[in-house]
Amino acid sequence: MDQIAVDVGPLYRRVQRKIELEATQGLSVGVRAVLDLLRERGPMTVPQMGRAQSLSRQFVQRVVNDAVARKLVESIPNPAHRRSSLIRLTHDGHAAITAIAAHEHALLRQAVGDLTDTDVAACVRVLGRMVALFDDVDVSNAEPPC
């Protein structure tokens, strides 16, 4: 387990950089993450996105502002909260994240090699336990590492 914890950070940053260089069509990894989150979960508020990604609301707001400027997301009224709008994908945003995800999946499939479904399931189980172990950590002011 110790080695997994040691390897996860560098692996994450390398994959993030590779995908940013090859797959994001000039979008930051942050914008890509917001688009993917909205594609998976539907419209969300900025605070909800921050909690889902373990990032500060302020950081997510900056990323959302960039996505709005690129016309990839838009703000819509939130019937549950007047002051916290919902953010949703635009048609262009949906098209962008669909293309990016397809490219990423093709790139990441190269890592599978001779790994079995059992190997992948074990990895997912271990990483899930590690995430759960640290689920109580306050990340309300967290920003991604450089």
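Which residues in α2 meet which residues in α5? Arg-32, Leu-35, Asp-36 and Arg-39 of α2 meet Gly-93, His-94, Ile-97, Thr-98, Ile-100, Ala-101 and Glu-104 of α5, where contact means heavy atoms within 4.5 Å.

The structure is a predicted model, in which local features need pLDDT of at least 70, side-chain atom pairs count only at pLDDT 80 or more, and totals for chains, interfaces and linings use all residues. Residues are numbered from 1 along each chain as its sequence is written, and side-chain values use heavy atoms, with hydrogens and water left out.

The protein has 6 helices and 2 strands, arranged from the N terminus as α-α-α-α-β-β-α-α. Helices (H or I, at least four residues) and strands (E, at least two) are DSSP runs, numbered from the N terminus. Among contacts with a separation of 6 or more, 59% join residues 24 or more positions apart.

Two packed helices are described by the angle between their axes and the distance between the axes. The axes of α2 and α5 come within 10 Å and cross at roughly 105°; α2 is therefore roughly perpendicular to α5, a label for angles of 65 to 115 degrees. Axes are lines fitted to C-alpha atoms, for helices over the stretch in contact, and angles run from 0 to 180 degrees between N-to-C directions. By class, this contact has 4 nonpolar, 3 polar and 4 charged residues. Nonpolar covers Ala, Val, Leu, Ile, Met, Phe, Trp, Tyr, Cys and Pro, charged covers Asp, Glu, Lys and Arg, and the others, Gly among them, are polar.

Helix α2 (residues 29-41) also packs with α3 (residues 46-53), at an angle of about 100° and with the axes 11 Å apart. These two helices are therefore roughly perpendicular as well. Here α2 contributes Ala-33, Val-34, Leu-37, Leu-38 and Arg-41, and α3 contributes Met-49, Ala-52 and Gln-53. The contact of α2 with α3 divides into 6 nonpolar residues, 1 polar and 1 charged.

The largest nonpolar core holds 22 residues, of which Leu-35, Leu-38, Met-49, Val-64 and Val-73 touch the most other members. Such a core is a set of buried Ala, Val, Leu, Ile, Met, Phe, Trp, Tyr and Cys residues joined through side-chain atoms within 4.5 Å, buried meaning under 20% relative accessible area with a 1.4 Å probe, protein chains only. At least two residues each come from α2, α3, α4 (57-69), β2 (86-89) and α5 (91-109). Leaving aside neighbours within four places in sequence, Val-73 contacts Leu-35, Leu-38, Val-64, Ala-67, Val-68, Ile-87, Arg-88, Leu-89 and Thr-90. Buried residues make up 29% of the 146 residues in the protein.

Note on methods. Angles under 35 degrees count as roughly parallel, over 145 as roughly antiparallel, 65 to 115 as roughly perpendicular and the rest as oblique. Buried means under 20% relative accessible area, exposed over 50%, partly exposed in between (1.4 Å probe, protein chains only).
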